[in-house]
Amino acid sequence: MSHIDLHANHSLSHADAKSAAEELASDLARKFEIEYAWEGDHIHFERPGASGSITVGEQDIHITARLGFMLMFLRHRIEEEIVRYLSEHFGCTFP
């Protein structure tokens with residue numbers, strides 16, 4: 001099993017950050033056939049062989065994912081897509 005654990009800072013309002021997180025989840029759902037749902041400030045996502053969450057804070061965003069054997073080979077591609085999206089849509093900086 002492979003893990004993704006990304007933590008980044010953003011300068012958006014909380015509402016705008018949640019909106020951008022929704023767009024990220026929707027984009028990942030299309031590209032990687034992921035099901036997702038909101039619970040408060042958290043998006044939980046799942047598909048066969050992968051699960052995780054996106055937590056939207058007032059000034060930060062935290063993304064975790066567990067990738068099964070078949071998806072562990074796509075880990076870098078998935079991680080790069082997330083980092084690209086966070087940089088472009090959230091203006092994120094990574095500690």
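Seven bridges join strand β4 to strand β5, and the two run antiparallel, where strands count as paired if DSSP finds at least two bridges between them. Helices (H or I, at least four residues) and strands (E, at least two) are DSSP runs numbered from the N terminus. The model described here is predicted, so that local features need pLDDT of at least 70 and side-chain atom pairs count only at pLDDT 80 or more, while totals for chains, interfaces and linings use all residues. Residues are numbered from 1 along each chain as its sequence is written, and side-chain values use heavy atoms, with hydrogens and water left out.

**The antiparallel strands**

Within the pairing of β4 with β5, Thr55 stands opposite His62, and the hairpin that joins these strands passes through three residues.

| Strand pair | Bridges | Residues between the strands |
|---|---|---|
| β4 and β5 | seven | three |

His44, found in β3, is partly exposed because its relative accessible area of 38% falls between the limits for buried (under 20%) and exposed (over 50%), as computed with a 1.4 Å probe on protein chains only. Leaving aside neighbours within four places in sequence, His44 is in contact (heavy atoms within 4.5 Å) with Glu35, Tyr36, Ala37, Glu39, Gly52 and Ser53. His44 and Ala65 are 21 residues apart in sequence, and their C-alpha atoms are 9.7 Å apart in space. Ser51, by contrast, is found in β4 and is buried, with a relative accessible area of 17%. With neighbours within four places again left aside, the contacts of Ser51 are Phe45, Glu46, Thr64, Ala65 and Arg66. β4 is mostly covered, since six of its seven residues are buried.

**Helix α1 and its cover**

Helix α1 comprises 19 residues, 14-32, and at 1.5 Å a residue it should span 27 Å, which agrees with the 26 Å between its end C-alpha atoms; the expected span is 1.5 Å times one less than the number of residues. The buried residues of α1 are His14, Ala17, Ala20, Ala21, Leu24, Ala25, Asp27, Leu28, Ala29 and Phe32. What covers them includes β2 (35-39), β3 (42-47), β4 (50-56), β5 (60-67) and α2 (75-90). Glu33 follows the helix and has a positive phi, near 55°.

**Enclosed space**

A search of the whole structure finds two cavities of 30 Å³ or more. On a 1 Å grid over the protein atoms alone, a cavity is a set of points where a 1.4 Å probe fits but cannot get out, and its lining residues have an atom within 4 Å of a point. Grid points are joined across faces, edges and corners, and the volume is the space filled by probe spheres set on the points.

The largest cavity has a volume of about 100 Å³ and is lined by Ile4, Leu28, Phe32, Ile34, Phe45, Arg47, Ala50, Ala65, Leu67, Leu71, Ile78 and Ile82. Each of α1, β3, β5 and α2 supplies at least two residues of this lining, which divides into eleven nonpolar, no polar and one charged. Here Ala, Val, Leu, Ile, Met, Phe, Trp, Tyr, Cys and Pro count as nonpolar, Asp, Glu, Lys and Arg as charged, and the others, Gly among them, as polar.

The second largest cavity holds about 30 Å³ of space, and its lining consists of Ala25, Leu28, Ile34, Tyr36, Phe45 and Ile54. These residues divide into six nonpolar, no polar and no charged.

Notes: On a 1 Å grid over the protein atoms alone, a cavity is a set of points where a 1.4 Å probe fits but cannot get out, and a pocket is an open set with protein on both sides within 12 Å along at least five of seven lines; lining residues have an atom within 4 Å of a point.
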